[in-house]
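Let's take a walk through this model together, chain by chain.

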Amino acid sequence: MRWRQGSGSGLLVAVVGAALAAAGGCRAASDADVLEFWAMGREGEVVQQLVPEFERRHPGVRVRVQQIPWGAAHEKLLTAYVGEAMPDVVQVGNTWLAELVALGALAPVAADLAAASDEFPGVVAATAIDGERFGVPWYVDTRVLFYRRDLLRAVGVDAPPPTWDGWVAAMEQLVRGGERYAVLLPLAEWETPVILALQHGAALLRDGDRFGDFRSPAFGAAIAFYRSLFRRGLAPGAGAAQSANVYQDFASGWFAMFLSGPWNLGEMSRRLPALADAWTTTPLPTFTGAGPGVSLAGGASLAVVRTTPRADLAWRWIAFLAEPAQQLAFWRLTGDLPARPSAWHAAGLAEAPRTAAFWRQLARVQAPPTVPEWERIAAKITEHVEAVVRGGVALDDGLAALDRDVDSILEKRRWMLDRAEAGRS
Amino acid sequence: MRRGGRLATAGAAPGLLFAAPALAAIALFFFVPVAAAIALSGTDFDIYAVASRANLRSVGLGNYYRLAGDPLFRTAVRNTLYFVVVAAPLSIAASLGAALLLSASLTRWKPAFRAALFLPVVTTLVAVAVVWRYAFHPRIGLLNALLAPLGIGPIDWLGEPRFAMPAIVIMTVWKNFGFNMVILIAGLQSIPERLYEAARVDGARARARLLHVTLPMLRPTLVFVTVMTLIGDLQLFAEPYVMTQGGPAHATLSVVLLMYLEGFRWWNMGYAAAIAFALFLAMLVPSLVVRAMGARGEVA
């Protein structure tokens, strides 16, 4: 990135557009039976190993995988759409689906794939925009509690408590008489406050996702609880949490639990072999006692670009990647959890000690609102909740400011929805 | 004067013809996009407008009002000014120091030193960033290893809001001072030796020669270097983009980086265009001031 053009963003648009148009031209000239597939990060690296089997089953077809780093993926997708340089199939983070659907960039899921029953309903809901599905889950992702079994045992807690009250009591025990904390909650992440809010029954947005609903009692209660974890010294405050090396600090017992996703199953085993069985996972606790508590439905989906001339082939590629056998192969390659329950059973994942928590958690997951503005709203949640937790801003003021910011982000959406309604009546 | 007038009337047509290709290119690749960007800044062009032009609204000066009240923009302006105020003088001082050392008659292997000090300028920033990320590493980094004997203890350069911008300053000054150095060396070489001889005859010591001969004679070059450095520093983008992505806690978010994020991450092109013009105006002011100062100096 060597860009130093300050006063002419228009110029850049023109240049980028021209470059993308050229790229699109190159692609159009290539073989009709080459399927372009964009995949992100680690998935993009290893999916190549699944390609030969697909090409064997479909003689004459070639799959070209383009790997895109996660950090640049969002920009790249939008720019490619504007420049008409989209591939045939893309891997899309579930929270980006709404945005790409608003653009009209994706095709609805083919009927036979949409009718599949071998899926997690909570995850499928995350791929539906206004009732229509646009993505086929490739792998699933949710957050559970990772904790140090040995440290909890040392304070007399043998089984993970099912409720937050129980956990808080255990955390109080853990921090007693020591320069350490109980739980790591990175302030730069929106996931934890949002999970707590969903557990309290907060809707996040209201009136058909037209306004923020962050001054609701449910959201306020969730943030008050979240803040209390810092105030009571159970979670390390701002600076300390940022600079720490999570794995080392977890190993040294500086904190005994954290909320995270399946990628850490592999990371933890790889980086902390010495810990062995001292750590494990458990589904999230609840406020009510009927567990497990709601967690976020995450993961990535496979989607077909609306304008592709190879839609049929594209759907066959997606159906192939969604086959339980390929899902299992992919799990072995990446550690990404399969999106097909039958694949879980085939590999015994639903019963294995550390993945079982994810299996139970996946029965209780909820997707964040599927609006195109979600990523920006999530960034605002992080910003204002962090200000409240750091103590510079009173809870009510912070949530009012959050509502104000989110309402202004959703202004365009309100205008469009109102106009659409006026057109209908 | 008369000759010039005659040329303007008789020779206008062929002259224009010769200039036409260049003018057309400038118009097509500069004026048209700039005009488009001005128009864009008066709209709410976003991803909805990409989907259908029917979703595009004219907002007049709305983007600029929003900009005035946007705390993130204020943060970006503050960060950028912080960077300019710290990095620009440091960078010019480093350039001047290196130029003076390399012009001193005692210095040996001048071309080798000049090339070595210029090398960072021509090195790819992404490669530089990778190396500096190691240098800034809290545990294994070179910088902390140098500071440790002084009892300054491990600093998380890129992870802590207070130190992230100084880290960017250090890296940028290191990377860019070579360019100004070369220009200043050229400026130093154009100062006639007889002025130094006269000063020496008058009994001026090295310090007096620097203050009363070198710096006044170097003034036009210094003005040029200052303006270019200010313009470059106000457009801080690539360094935080590759090193920190604007973090931690927005500590290295610059105006251009904010514009990039608004424009290409969130696709709020209208708002991003408004940021671009605010930045353009902001850069015009110091450039004009410094130029005016330089012009006065030349007259006096």
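What follows starts with the overall build of chain A, moves to some of its local features, and ends with chain B.

First, a word on conventions. This is a predicted model, in which local features need pLDDT of at least 70 and side-chain atom pairs count only at pLDDT 80 or more, while totals for chains, interfaces and linings use all residues. Residues are numbered from 1 along each chain as its sequence is written, and chains are lettered from A and ligands numbered from 1 in the order in which they are written.

Chain A contains 21 helices and 16 strands. Both kinds of element are DSSP runs numbered from the N terminus, with helices being H or I over at least four residues and strands being E over at least two. Along the principal axes, the C-alpha atoms of chain A fill a box of roughly 70 × 50 × 50 Å.

How much of chain A is buried? Buried residues account for 43% of its 425 residues. Here a residue is buried if 20 or more other C-beta atoms lie within 10 Å of its own, exposed if 12 or fewer, and partly exposed in between, with C-beta atoms placed from the backbone. Contacts tell us about the reach of the chain: among those between residues at least 6 apart in sequence, 76% join residues at least 24 apart. Two residues are in contact if their C-beta atoms, placed from the backbone, lie within 7 Å.

Now look at the domains of chain A. The assignment gives domain 1 (9-141 + 297-349) and domain 2 (144-296 + 370-419); such bounds come from an automatic or database domain assignment. Taken over C-alpha atoms, the centres of domain 1 and domain 2 of chain A are separated by 30 Å. Across the boundary, 13 residues of domain 1 of chain A are in contact with 11 residues of domain 2 of chain A. On the domain 1 side, helix H5 (residues 97-103) of chain A supplies the largest share, 4 residues. That side of domain 1 divides into 7 nonpolar, 3 polar and 3 charged residues. In this count Ala, Val, Leu, Ile, Met, Phe, Trp, Tyr, Cys and Pro are nonpolar, Asp, Glu, Lys and Arg are charged, and the others, Gly among them, are polar.

Let's zoom in on helix H4 (residues 70-82) of chain A. Its 13 residues reach 19 Å from first C-alpha to last, close to the 18 Å expected at 1.5 Å a residue. The expected span is 1.5 Å times one less than the number of residues. H4(A) bends by about 25° at A:Lys76, where the bend is the angle between axes fitted to the seven residues ending there and the seven starting there. The buried residues of H4(A) are A:Ala73, A:His74, A:Leu77, A:Leu78, A:Ala80 and A:Tyr81. Just after H4(A), A:Glu84 takes a positive phi of about 55°.

Two aspartates are also worth a visit. A:Asp130 is not a glycine, yet has a positive phi of about 50°; A:Asp130 sits in the loop between strand S4 (128-129) and strand S5 (132-133) of chain A. A:Asp209, again not a glycine, has a positive phi of about 60° and lies in the loop between strand S9 (205-206) and strand S10 (211-212) of chain A. Which of these is buried and which exposed? A:Asp130 counts as exposed because it has 8 C-beta neighbours inside 10 Å, whereas A:Asp209 is buried, with 21 other C-beta atoms within 10 Å.

Chain B has 14 helices and 0 strands. Its radius of gyration is 24 Å, well over the 19 Å that the globule rule gives for 300 residues, so chain B is more spread out than a compact globule. Its C-alpha atoms fill a box of roughly 75 × 75 × 30 Å along the principal axes, and 32% of its 300 residues count as buried.

Helix H9 (residues 161-189) of chain B has 29 residues and its end C-alpha atoms are 43 Å apart, which agrees with the 42 Å it should span at 1.5 Å a residue. H9(B) bends by about 35° at B:Asn176.

Conventions: Rg over C-alpha atoms; globule rule 2.2 N^0.38 Å.
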